[in-house]
Amino acid sequence: MIFSRFKWNAEKILELGEPVKAFIYYRNRRENLLTGFPETYSINQFTKELDAFKLRDKVTLPRVYHFYYEFGFLEAGLSHLIQEETPLAVMIEYKKSKKVSLPKTKMSHLPLKTLERPNWSEYREAFGKIQEELLDGNCYQVNLTYPFDFETEDVIDPRDLADYFFSKPHLGAFAHSTYLGEEMILSNSPECLFQYNKGEIFTMPIKGTMKRGESWREQWKEMKSSLKEEGELFMITDLLKNDLNRLSFGKARVRKLKAPLLVPHLLHQYSLISAKLSPEISVGETMRSLFPGGSITGAPKKRVMEIISKTERYNRGIYCGSTLLCYEDKKMASINIRTASIALGERIWRYGAGGGVTLLSRPVDEFKEMESKVVSFLTLLKVPGY
């Protein structure tokens, strides 16, 4: 049983079922998720398929791609960081699709309990290493993240979990879930890697986070006046404008700069950048230019990805990766923040959280921001104690 669901609008979700193709890709092989059989298959063959798939192409059957963060090592020239058993991407093609009303749920809360979380001393040590890289001029901003592990008391049916998740009001614009037979991806992402429609591409970097109080407008005034938050957003906006300029031969423009974004329990700021593209631009070219997202890496991107790999010492996996929905003539890709990877049979949840670090950052503030993003997700799911 493999299925995907996506938030479509405030009243509807898109349900995808009956897969006709489903593969998970590794460096030198892929596994057929419908049969369980592996086959020799280079990841370079997969990227060639993406290069042949044009953004303007209309798909006859809905297609979902999940790009794990480590897929970004390929085009960054960092393939030596990829281990043989590290998953890099998933592709699923579905036979059936329908838009349905928000589901009813049999669950009233989610019984999660904490297994492991980063402590202050290890975070402060990693923060110090990032500051040394910044002071040495090796980078300008680094997104430092950590995994938070939880477990449930009982095994939960994946459809019950999806119903529970999508019954929640005010989900992120790019909320989605996919059940792969063993792993389940559950994402409440508000962030867009790119959207493509009728020859134009958009990207929407988010930088800056505050826990929402009673008056978000007063908090927005505070956020707008913060040089640190402004510097982070402007830096990543410039990075993504350059990414789009490579695709559009210098035609990218910033349509919004420093706008407020409200998500459950949090206030963010974002920019909106767009560009007109040649009809020959492929999905592969787009991913090479934009992935992984600048907001969850930093600047300059390749150097920062090396620093992240050395400092974090764990695979981010689907967290900080991207999910691409290809539906009719639309192509919509998220950045998978607010995202959990769930081993339902083992009852283990892994949720990632973090934030951008610059020379103006204070470790205690960044640690609190990271925890506030975890609390936002747990509160949404009505986990006891939140």
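This report walks through selected strands, helices, contacts and salt bridges of a predicted model.

Start with strand β3, residues 29–32. One face of β3 is covered and carries Arg30 and Asn32.

Strand β2 spans residues 12–25 and pairs with β3 in the antiparallel sense. The pairing runs over 3 bridges. Tyrosine 25 has arginine 30 of β3 as its bridge partner. Together β2 and β3 form a hairpin, with 3 residues between them.

On to strand β4, residues 38–40. β3 and β4 also run antiparallel, joined by 3 bridges. Here glutamate 31 has proline 38 of β4 as its bridge partner. The hairpin of β3 and β4 has 5 residues between the strands. In that hairpin, glycine 36 takes a positive phi near 85°.

Leucine 193 sits in strand β11, which covers residues 192–197. Its relative accessibility is 1%, so leucine 193 counts as buried. Leaving aside residues up to four places away in sequence, leucine 193 touches Phe202, Thr203, Met287, Leu290, Phe291, Gly293, Ser322, Ala333, Ser334 and Ile335. Threonine 358 lies elsewhere: 165 residues from leucine 193 in sequence and 22 Å away in space, C-alpha to C-alpha.

Two of those contacts, Met287 and Leu290, are among the buried residues of helix α7. This helix runs from residue 283 to 290 and is mostly covered. Of its 8 residues, 6 are buried. They are Val283, Gly284, Thr286, Met287, Ser289 and Leu290. At the start of α7, serine 282 reaches toward the backbone. A side-chain oxygen of serine 282 comes within 3.4 Å of the backbone nitrogen of glycine 284.

## Lysine 228 in helix α6

Helix α6 spans residues 227–248 and includes lysine 228. Is lysine 228 buried or exposed? Lysine 228 is buried, because its relative accessible area is 16% and the cut-off is under 20%.

The lysine 228 side chain makes polar contacts with two glutamate side chains. Glutamate 232 is at 2.5 Å. Glutamate 366 is at 3.0 Å. An α-helix has 3.6 residues a turn, so residues three or four places apart point the same way. Not counting residues up to four places away in sequence, lysine 228 touches Gly356, Thr358, Leu360, Ser361 and Glu366.

## Salt bridges across the chain

Side chains of opposite charge can pair when their charged atoms come close. The model has 30 salt bridges. One of them joins the side chains of lysine 113 and glutamate 151 at 3.5 Å, N to O. This pair links distant parts of the chain, 38 residues apart. Lysine 113 is in strand β7 (residues 112–116), and glutamate 151 is in strand β8 (residues 141–152). Lysine 113 is partly exposed, at 46% relative accessible area. Glutamate 151 counts as buried, at 15%.

Aspartate 149 and arginine 350 form another salt bridge, at 2.8 Å, N to O. Aspartate 149 lies in β8 and arginine 350 in strand β20 (residues 348–357), so the pair ties together parts that are 201 residues apart in sequence. Aspartate 149 is buried, with a relative accessible area of 12%. Arginine 350 is partly exposed, at 36%.

Which residue does lysine 301 meet in a salt bridge? The partner is aspartate 243, at 3.5 Å, N to O. Lysine 301 is in helix α8 (residues 301–312), and aspartate 243 is in helix α6. They are 58 residues apart, so this pair too links distant parts of the chain. Lysine 301 is buried, with a relative accessible area of 16%. Aspartate 243 counts as buried at 4%.

Some salt bridges share partners. Glu133, Arg303, Glu306 and Lys310 are joined this way into one network.

## A nonpolar surface patch

Phe234, Val254 and Leu257 make a nonpolar surface patch of about 230 Å². Valine 254 is in strand β14, residues 253–263. Its relative accessible area is 33%, so valine 254 is partly exposed.

Technical notes: Residues are numbered from 1 along each chain as its sequence is written. This is a predicted model: local features need pLDDT of at least 70, side-chain atom pairs count only at pLDDT 80 or more; totals for chains, interfaces and linings use all residues. Side-chain values use heavy atoms; hydrogens and water are left out. Patches are made of residues with over 30% relative accessible area and no salt bridge: like charges are joined within 9 Å, nonpolar side chains (Val, Leu, Ile, Met, Phe, Trp, Tyr) within 5 Å. Accessible areas come from the Shrake-Rupley method with a 1.4 Å probe; for residues, only the protein chains shown count as cover. A salt bridge is a side-chain nitrogen of Lys or Arg within 4 Å of a carboxyl oxygen of Asp or Glu. Helices (H or I, at least four residues) and strands (E, at least two) are DSSP runs, numbered from the N terminus. Buried means under 20% relative accessible area, exposed over 50%, partly exposed in between (1.4 Å probe, protein chains only). Contact means heavy atoms within 4.5 Å. A polar contact is a pair of N or O atoms within 3.5 Å; within protein, one must be able to donate a hydrogen and the other to accept it, and residues adjacent in sequence count only if both atoms are side-chain atoms. Two strands pair if DSSP finds at least two bridges between them.
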